[in-house]
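These are my notebook entries on a single model, written down in the order in which I looked things up.

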Amino acid sequence: MLLTLQIATLLYMLPLLLLNVILCFYFYLYLPMKQLGENAGNLEAAIEQLLNAEKQARLAGDVAATRNAVTEILRMCFEARAWKTLNDQIVLLSKRRGQLKQAVTAMVQQAMQYIDETPDLETRIELIKILNSVSAGKIYVEIERARLIKKLAKIKEEQGLIAEAADLMQEIAVETFGAMAKTEKIAFILEQVRLCLDRQDYVRAQILSRKISTRVFDADVSKEKKKPKEGDNVVEEAPVDIPSLPELKRIYYELMIRYYSHKNDYLEICRCYKAIYEIPSVKENPAEWIPILRKICWYLVLSPHDPMQSSLLNSTLEDKNLSEIPNFKLLLKQLVTMEVIQWTTLWDSYKDEFENESNLGKNLGEKAAEDLRERVIEHKAEKHLSDMVVSKALVAKIDRPMGIVCFQRAKDSNDVLNSWAANLERLLDLVEKSCHQIHKETMVHKAALKV
């Protein structure tokens with residue numbers, strides 16, 4: 001009986017539901033569009049009609065009708081090229097009481113398509129600022145706001161206002177955006193790093209670069225994306241102008257090369273070039289990997305000797321591609337052998353290549369040449385010192401990781417005990433002399449009192 005009653009109630013309510021849908025379509029969509037055609041020559045009257053329809057749909061909670069009314073208002077303003085009216089309507093619609101999130105999102109997304117169609121730069125900046133103010137503080141349009149800030153920062157940079165562009169970009173923390181695509185996040189952070197380097201703010205550039213884990217570049221992009229579970233954030237697709245992960249990897253390490261070049265950290269620069277060298281697209285093209293491999297060799301030579309430098313040096317020597325540049329293979333072999341390197345001979349052989357190397361001789365100049373000479377001298381000094389130790393001309397112990405040479409002879413247990421005994425003997429002598437002086441001063445003081 002209960003099931004029969006429910007079916008009867010459903011059959012009774014079904015015509016009423018269909019009638020409600022038809023009436024909503026008629027009043028919220030058909031009539032406004034009809035009146036819009038009749039008032040095509042009067043933009044303000046047409047907008048007023050659509051605003052009334054938007055109000056009715058918004059109060060009724062009709063998401064689709066509200067979104068359609070809002071986007072139709074913007075479309076009319078755009079087609080009429082009424083940019084001031086467009087800005088005013090965006091602000092008005094966003095501030096209406098109980099405005100639906102879906103309507104605001106659709107409005108911002110549609111208005112962003114009109115940015116590149118603006119007639120002049122002033123109008124474009126004004127539209128971006130209006131959309132930025134509307135989307136500020138709203139999580140559901142945080143991705144759109146990040147893209148707006150990026151557009152505005154690009155305009156500021158083209159105007160030569162690097163500091164303002166960098167400050168604008170730093171307002172957005174895209175690493176907290178769950179719905180933004182991974183590649184778009186990385187591209188945004190890299191843009192922040194680049195602007196900081198352009199304004200020579202190296203401390204902030206380093207802080208921002210640490211937001212990117214280098215492991216993300218090694219992710220397998222060929223794997224199919226897992227379908228999001230119910231309740232998970234839906235990740236949006238990245239725009240078509242966002243580079244792929246391998247391209248972002250190269251951009252990242254090129255920016256880090258700029259940062260480490262400021263600090264003259266040759267080993268880190270070498271590691272950055274090594275990472276670029278490992279990119280598949282680079283390894284497949286000899287025109288790309290040969291210049292990069294040359295830079296790897298130069299920065300390995302310039303780097304101070306330590307375990308990391310030694311490991312990179314040996315791994316580079318094992319690279320089969322190094323045979324394509326035999327001069328550099330010979331250069332690296334001289335560093336791993338115990339033979340003394342003649343500075344004048346080496347400099348005469350590699351001077352032209354060193355000075356012609358882009359981003360090496362030009363940017364670092366005399367500093368790089370001096371460091372190269374210092375590395376050669378270090379190699380020579382270590383070999384000479386080792387020979388003197390072997391011949392027992394002197395006593396020394398080299399601690400390569402710490403960069404310390406200790407010239408003190410190691411003592412056996414008898415020497416240590418003898419030194420302790422001598423120290424105790426000197427201490428007792430000092431105590432005896434002190435007691436004698438104290439006794440002498442006491443006797444003098446007593447004699448003075450008797451007088």
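Predicted model: local features only at pLDDT ≥ 70, side-chain atom pairs only at ≥ 80, totals over all residues.

**Entry 1, a pair in α12.** I began with helix α12 (residues 266-277), where I find Glu268 and Arg271 three residues apart, about one turn of the helix. I then checked their side chains and found that Glu268 forms a salt bridge with Arg271, with the closest N and O atoms 3.3 Å apart. For Arg271 I looked up the relative accessibility, which is 38% and makes this residue partly exposed.

My search of the whole structure for salt bridges returned 19 of them, and I picked out the one in which the side chains of Lys84 and Asp88 meet, at 3.3 Å from N to O. Both residues sit in helix α4 (residues 83-94), and because they are four residues apart there, about one helical turn separates Lys84 from Asp88. Are the two partners buried or exposed? Lys84 has 61% relative accessibility and counts as exposed, while Asp88, with a relative accessible area of 40%, is partly exposed.

**Entry 4, a pair between helices.** I next looked at Glu288 and Arg250, whose side chains meet in a salt bridge of 2.9 Å, N to O. This pair links distant parts of the chain, since Glu288 belongs to helix α14 (residues 286-302) and Arg250 to helix α11 (residues 245-263), 38 residues apart. I find Glu288 partly exposed at 28% relative accessibility, and Arg250 is likewise partly exposed, its relative accessible area being 27%.

Which residues of helix α8 (residues 162-170) are buried? I list Ala165, Ala166, Leu168 and Met169. Looking down the axis of α8, I see that its buried residues fall within an arc of 160°, and therefore they line one face of the helix. I then asked what covers these buried residues of α8, and I noted that the cover includes α7 (142-158) and α9 (182-198).

Terms used. Residues numbered from 1 in each chain as written. Heavy atoms only, no water. Buried < 20%, exposed > 50% of the residue type's maximum accessible area, 1.4 Å probe, protein only. Helix = DSSP H or I, 4+ residues; strand = E, 2+ residues; numbered from the N terminus. Arc of directions from axis to C-beta. Contact = heavy atoms within 4.5 Å.
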